[in-house]
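Hello,

Here is the structure I promised to pass on. Please open it first, then read my notes below.

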Amino acid sequence: MRYHIVDAFKDGRFGGNPAAVVVGPDLPGDELLQATAYRIGVPTTAFLTPDGDGQYRVRWFTPYAEVNLCGHATIAGARHLFAQPADADRPRLRFVSAHGVITAERSGDLIALTLPRPALTAAEPPPEVVEALGTPAVACAVSPDDVVIEVASAEAVAAVRPDFPALARLPFRGHIVTAPGTGGDDFVSRTFFPSLGLDEDEVCVTAHAKLAPYWAGRLGRSRFSALQMSPRGGRLEVQDAPDHVRVLGTAVPRAGDHELPLERLGSR
């Protein structure tokens, strides 16, 4: 099975978030998809199959679980496809999943994703989340799957040392820690998904789909430069709108492609 590695949100300072891209004539069964993602071993693998002109069906797998949406792997998939003859002249692509449709388009040297604007509700910081993160909370908001915890400063974001087993037991898919930015960044963040087998995500698009409306409410505007302060780090541009969020970033393919022997996929 052939796959390609693309680093999303990479630039001269930050390593970005790696994703694998697998394109085939169909989508295999769950067991093979999961085993393939496990063997590849990057944070997320996007499995794509053509579904009409400029449209692909997609599923996303971490090494340990399927996820309902992965933005950085979609950006990686779009960058790979835009370099192929069949899609080289298209301005945009559509990715169809069981949870909705994502549009990816060229924006200069960047790839822009348009995602649904999630529902976000202000809430008291859950004490068990604050305890597991080990840092005081300034404010909090919740979506149907994730929790956003604002802390006092970028330094406080960098200093978070979560209790990952405790976070994994809580009723949230992800835990997003954020604060006002410094040095030209409007806000900063880190994101934790231990329930999906991913303690810390390097750069998370779906988290920024929540952070855009969160900071729009806090700062009174709709366009932001954001920095994710993970070990590899990555910078994004984010735009909030009434019914969608637009996330823009780089995507840098690694040289060459890779082969994974099918006979190795039966065991982990």
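This is a predicted model: local features need pLDDT of at least 70, side-chain atom pairs count only at pLDDT 80 or more; totals for chains, interfaces and linings use all residues.

**What I found**

T44 is buried, with a relative accessible area of 4%. It is found in strand 3, which covers residues 44-50.

**The cores**

The largest nonpolar core has 50 residues. F9, W60, I75 and F95 have the most contacts inside it. Helix 6 gives the most to this core, with eight residues.

F95 is worth a click. Leaving aside its neighbours within four places in sequence, F95 is in contact with L48, Y56, V58, T74, G77, A78, L81, G100, V101, I102 and A104.

F9 is buried, with a relative accessible area of 1%. Its phi is positive, about 70°, although F9 is not a glycine.

**Helix 6**

Helix 6 runs over residues 205-219. A kink of about 25° lies at L211, shortly before the proline P213.

Helix 6 is mostly covered, with 12 of its 15 residues buried. Among the buried ones are V205, H208, K210, L211, P213, Y214 and W215. Just after helix 6, G220 takes a positive phi of about 75°.

**Strand 8 and its partners**

Strand 8 (residues 110-116) is mostly covered too: five of its seven residues are buried. Strand 7 (residues 100-107) runs antiparallel to strand 8, and five bridges join them. R106 stands opposite I111 in strand 8. The two strands form a hairpin with two residues between them. G108 in that turn has a positive phi of about 65°.

Strand 17 (residues 244-249) also runs antiparallel to strand 8, joined by six bridges. Here P116 stands opposite H244 in strand 17.

**Salt bridges**

How many salt bridges are there? The count comes to 17. Three of them follow.

- E259 and R2 meet through their side chains (3.0 Å, N to O). This pair links distant parts of the chain, 257 residues apart: E259 is in strand 19 (residues 258-259), R2 in strand 1. E259 is partly exposed, with a relative accessible area of 49%. R2 is partly exposed as well, at 47%.
- D7 and R254 form a salt bridge (3.0 Å, N to O). They are 247 residues apart, with D7 in strand 1 and R254 in the loop between strand 18 (251-253) and strand 19. D7 is buried, with a relative accessible area of 3%, whereas R254 is partly exposed at 38%.
- R173 and D146 form a salt bridge (2.8 Å, N to O). R173 lies in the loop between helix 5 (164-168) and strand 12 (174-180), and D146 in strand 11 (residues 146-150), 27 residues apart. Both R173 and D146 are buried.

That last pair belongs to a network: D145, D146, R173 and K210 are linked by salt bridges. K210 is also one of the buried residues of helix 6.

Best wishes

Definitions and conventions:
Residues are numbered from 1 along each chain as its sequence is written. Side-chain values use heavy atoms; hydrogens and water are left out. Helices (H or I, at least four residues) and strands (E, at least two) are DSSP runs, numbered from the N terminus. The expected span of a helix is 1.5 Å times one less than its number of residues. The bend at a residue is the angle between axes fitted to the seven residues ending there and the seven starting there. Buried means under 20% relative accessible area, exposed over 50%, partly exposed in between (1.4 Å probe, protein chains only). Two strands pair if DSSP finds at least two bridges between them. A nonpolar core is a set of buried Ala, Val, Leu, Ile, Met, Phe, Trp, Tyr and Cys residues joined through side-chain atoms within 4.5 Å. Contact means heavy atoms within 4.5 Å. A salt bridge is a side-chain nitrogen of Lys or Arg within 4 Å of a carboxyl oxygen of Asp or Glu.
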